[in-house]
Amino acid sequence: MTRVFSGVKPTGHLTLGNYLGAMRRWTEVDQHRSDAVFCIVDLHALTVDHDPARVRRLSRQGATLLLASGLDPELCTVFLQSHVDEHTRLSYLLECVATDGEMRRMIQYKEKAVRERERGGSVRLSLLTYPVLMAADILAYGADEVPVGDDQAQHVELARDLAVRFNQRYGHTFVVPKVTSPRVAARVMNLQDPTSKMGKSDDSGPGIVYLLDEPDVVRKKVMRAVTDSGQDVVYDREQRPGVTNLLDVLAACTDGNPESLAGVYRSYGALKKDTAEAVVEVLRPVQERHRELCADPAYVEGVLRDGAEKARAMARPTVDTAYRAIGLLPPVPEPALSPGR
Ligand code: AMP
Ligand code: TRP
């Protein structure tokens, strides 16, 4: 059976971009047709300036929202990355296969490093090595497919390169994974700045729809979305990024085609109104289920505990094989006690 692995960082409240770009396919498609593993990648949240209490809170909330969005622990595995040591164990080995040049070429590293420096902070070494930990997340599970939004394609490509290189040098150990992206809305843009991604760690609240935004807040944000000069509704990412983003969101929420939807609307106002309602409807069941789950934190904890146990059992053999293949001796087992002593 196909193995699928994906994750989300607890660095901010989950957004419509996370949902349409990644989570919705996990629940609607991946968990039903594959052996799927989903992770709150909490170690990745430590790569930028962080508040420990906030990371704890967002990890719990992220896990609750994954379940609220429809992940079913009977069908897939859901857990916290830091509960399974195999991720960091493997990450070190992959650091011995990756090069520093490769890390410095990662677009997200370059962008985030600039941002951290602009804020007057220093850049954590873990921000540079982050894609190696992500490769370890994927390779430890022998994932065939990694369903992510567009922004993660380069990182998955790196995971492929490292898998191939390790296999060539040390013998076949890892499955070479491939990225899968949604047909539409692989990159949902910020409603206030449709040339940049709707990112959950960004500061501009009005351009970001959060999964837990009340319906009226969602309506307000969508109705105030920045649109382009001109009047007609045209699907053109370069010339009309604002309208195109709304068409993508509407298409993703209604299972439609953004280019044909463009022909249906004569005004930006009508497009915004329908987009707002479509988003409210998509979020409604997630929010309802989230409320129920918040009333039962022990259930969520139980899912995470069982998930971590399952995940450990899946990852351990592959990571042990990698340790042997790269040249590390296995620990010597305790001698068996002779009978009668
Ligand atoms: P992150 O928020 O960076 O942890 O991302 C978790 C998942 O959501 C990854 O698969 C991302 O590619 C995806 N994602 C995040 N933001 C967006 C966005 N604005 N549009 C589409 N996918 C996104
Ligand atoms: N880097 C991903 C992001 O920012 C999160 C992530 C970490 C991930 N490990 C992963 C995604 C493994 C897919 C598979 O969105």
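# Reading a ligand site and its surroundings

Q: Which elements each supply at least two residues of the shell around ligand 1?

A: β1 and α1 each supply at least two residues of that shell. Helices (H or I, at least four residues) and strands (E, at least two) are DSSP runs, numbered from the N terminus. The largest share of the shell, 4 residues, comes from α1.

Q: What should I know about the model and its numbering?

A: This is a predicted model, in which local features need pLDDT of at least 70 and side-chain atom pairs count only at pLDDT 80 or more, while totals for chains, interfaces and linings use all residues. Residues are numbered from 1 along each chain as its sequence is written, chains are lettered from A and ligands numbered from 1 in the order in which they are written, and side-chain values use heavy atoms, with hydrogens and water left out.

Q: Which residues come nearest to ligand 1?

A: A residue is near a molecule if one of its heavy atoms lies within 4 Å of it. Of the 18 residues around ligand 1, those that come nearest are N18, G149, D151, V188 and K200.

Q: Where do polar atoms of the protein approach the oxygen atoms of ligand 1?

A: A backbone N or O atom of K9 lies 2.9 Å from an oxygen atom of ligand 1. In the side chain of N18, an N or O atom is 2.9 Å from a ligand 1 oxygen. A polar backbone atom of G149 is 2.8 Å from an oxygen atom of ligand 1. As for area (Shrake-Rupley method, 1.4 Å probe; for residues, only the protein chains shown count as cover), ligand 1 taken alone exposes 480 Å², and the protein buries 96% of that.

Q: Is H44 buried or exposed?

A: Buried means under 20% relative accessible area, exposed over 50%, partly exposed in between (1.4 Å probe, protein chains only). H44 has 2% relative accessibility, so this residue counts as buried. H44 is found in the loop between β2 (35-40) and α2 (52-68).

Q: What does H44 touch?

A: Contact means heavy atoms within 4.5 Å. Not counting residues up to four places away in sequence, H44 touches K9, Q81, Y130, L133, M134 and D137. The side chains of H44 and Q81 are also joined by a polar contact of 3.4 Å (N or O atoms within 3.5 Å; within protein, one must be able to donate a hydrogen and the other to accept it, and residues adjacent in sequence count only if both atoms are side-chain atoms).

Q: How is a pair of aromatic rings described?

A: By the distance of the centres and the angle of the planes. Rings of Phe, Tyr and Trp (its six-membered ring) pair if their centres lie within 6.5 Å; planes under 30 degrees apart count as stacked, over 60 as edge-to-face and the rest as tilted. The count here comes to 5 aromatic pairs. One of them is F5 with Y141, stacked at 5.1 Å centre to centre and 20° between the planes. This pair links distant parts of the chain, 136 residues apart: F5 in strand β1 (residues 3-8) and Y141 in the loop between α6 (125-140) and β4 (145-147). Both F5 and Y141 are buried.

Q: How far apart are the ring centres of W26 and F38?

A: Their centres are 4.8 Å apart and their planes at 15°, so the pair is stacked. W26 lies in helix α1 (residues 16-33) and F38 in strand β2, 12 residues apart. W26 and F38 are buried.

Q: Where is G62, and what does G62 touch?

A: G62 is in helix α2. Residues up to four places away in sequence aside, G62 touches L14 and I40. G62 and I40 are 22 residues apart in sequence and 6.8 Å apart in space, C-alpha to C-alpha.
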